[in-house]
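This report concerns the contacts made by aromatic rings in a predicted model. The sequence and structure are shown below.

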Amino acid sequence: IQSVVVNRPAEDIYRFWRDVENLPRFMYHLQSVQSTAPGRSHWVTSAPGGKTVEWDAEITADHTNELIAWRSLEGSQLENAGTVRFEPRPGGRGTIVRVEPEYGPPGGMAGAAFAAVFNESAQQQLHDDLRRLKQVLETGDIVRSDGSPDGTGSVWQRPARPQGEAQAAPAEASIHHSKAE
């Protein structure tokens, strides 16, 4: 289970999430989600090694402003299910968004190990996705800095530097650790 507090009413967050075509706005591995029928959708996501995985899903429970549950349909490339809950905090101080996914990664345990090597574990993706959801709903955009990862799961990135500074040569761009580390 992963969660994040979003400084918006549960109604707003539920409405945003319930329109499944919004999900690729903050879930970087999703290439697209298209509604195909009431409560059904087709999903396309990036996978390790430049591959894509597709599946169809259905909403299995829908409690307005409180909970959405889903599962992939039989025959999908990626078996998955889960729930997202929207819990208002006391005093109108935002909403706790809790996501509890269940899935079987493509390739089973070997596929999960391969994904982890490329920094693409499901838990890390979900954590990052929820941080981006918070940003999209609170600011209207995903806040990025020059040193932010590019959202592709790449662990290799150049160090942050002031805007406008020239690109460092590859040898200079390596990460140096202080003696305290």
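## Ring pairs and the cluster

Rings of Phe, Tyr and Trp, the last represented by its six-membered ring, pair if their centres lie within 6.5 Å. On this criterion, Y14, F16, W17, F26 and F86 are linked by ring pairs into a cluster. Across the whole structure, the search finds five aromatic pairs.

## The Y14–F86 pair

One of the five aromatic pairs is formed by Y14 and F86, with an edge-to-face geometry: the centres are 5.9 Å apart and the planes stand at 90° to each other. Because Y14 belongs to helix α1 (residues 10-18) and F86 to strand β6 (residues 79-88), this contact ties together parts that are 72 residues apart in sequence.

Both partners are buried: the relative accessible area is 8% for Y14 and 3% for F86.

## The W43–W55 pair

W43 and W55 form a stacked pair, with 5.6 Å from centre to centre and 15° between the planes.

W43 and W55 are both buried.

## A charge over a ring

Which ring does the charged end of R132 sit over? The ring is that of Y28, and the charged end of R132 is 3.9 Å from its centre.

Terms used: Residues numbered from 1 in each chain as written. Predicted model: local features only at pLDDT ≥ 70, side-chain atom pairs only at ≥ 80, totals over all residues. Heavy atoms only, no water. Phe/Tyr/Trp six-rings, centres within 6.5 Å; stacked < 30°, edge-to-face > 60°. Helix = DSSP H or I, 4+ residues; strand = E, 2+ residues; numbered from the N terminus. Buried < 20%, exposed > 50% of the residue type's maximum accessible area, 1.4 Å probe, protein only. Lys NZ or Arg CZ within 6 Å of the ring centre and 35° of its normal.
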